[in-house]
Amino acid sequence: MPSNLTRRDTFLSAAAFSLIAASPAAALTENGARQLVDKVVTDIDRVITSGKSDTAILREFEKLFVRYADVKIMAQYALGADGRSASASQKRAFNDAFTSYIARKYGKQFREFIGGRIEVKSARPIKAGYEVHTRAFLGGEGPFEVAFHVSDKSGSDKLFNIYIEGVNLLLTERGEIGALLDRRGGNINAMIADLKKAG
């Protein structure tokens, strides 16, 4: 699948999609949102330096994504208006395929970014939760700005989007899913089959 994401996009997306959640019993606070980003850096580093095979790392990443990202909301947004005509079984199949696709697409890039770091700078309330502003550093590249969006609207603290230097990554994924659908003439089942092999 074509993509205009750079290496820095891939790294930060991987970090974002495996964001560590706070306790479901506590309402999301500014401090809690900041701590989520701090925790994900530690967790990502643990996975990529574990010495496990690439296949095992992808499995670990998918588990983190399922547990800590608002997968249902993200998948619904990525499917867009076409989701209104999808059956319940198609929505479940797309959700599963989207989860694995994200894990493959971003998780396989982990080893390229050992030693990278993200510094939390500030957080501010937004309509859906909090936006956490960070600065990311990768070897050989200058620092760049990243904003994580987190919310507790699903009942626990979850990631639902990320902006890298102003680029909305969830909107980018929606465009990619839309392109797959266009190539299949709007056939959702065919798009899901393609998505299972993409990334």
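Which residue in β3 is the bridge partner of histidine 133? In this predicted model, local features need pLDDT of at least 70, side-chain atom pairs count only at pLDDT 80 or more, and totals for chains, interfaces and linings use all residues. Residues are numbered from 1 along each chain as its sequence is written, and side-chain values use heavy atoms, without hydrogens and water.

The partner of histidine 133 is alanine 147. Strands (E, at least two residues) and helices (H or I, at least four) are DSSP runs, numbered from the N terminus. Two strands pair if DSSP finds at least two bridges between them. Strand β2 covers residues 129-137. Of its 9 residues, 7 are buried (under 20% relative accessible area, 1.4 Å probe, protein chains only).

Strand β1 (residues 117-126) pairs with β2 in the antiparallel sense over 9 bridges. Isoleucine 118 has alanine 136 of β2 as its bridge partner. Strand β3 (residues 144-151) runs antiparallel to β2, joined by 7 bridges. The hairpin of β2 and β3 has 6 residues between the strands. Glycine 140 in that turn has a positive phi of about 85 degrees.

The largest pocket is lined by Lys72, Ala75, Gln76, Leu79, Gly80, Gly83, Lys91, Phe94 and Asn95. A pocket is an open set of points on a 1 Å grid over the protein atoms alone, where a 1.4 Å probe fits, with protein on both sides within 12 Å along at least five of seven lines; lining residues have an atom within 4 Å of a point. Helix α4 (71-79) gives the largest share of the lining, 4 residues.

Terms used. Buried means under 20% relative accessible area, exposed over 50%, partly exposed in between (1.4 Å probe, protein chains only).
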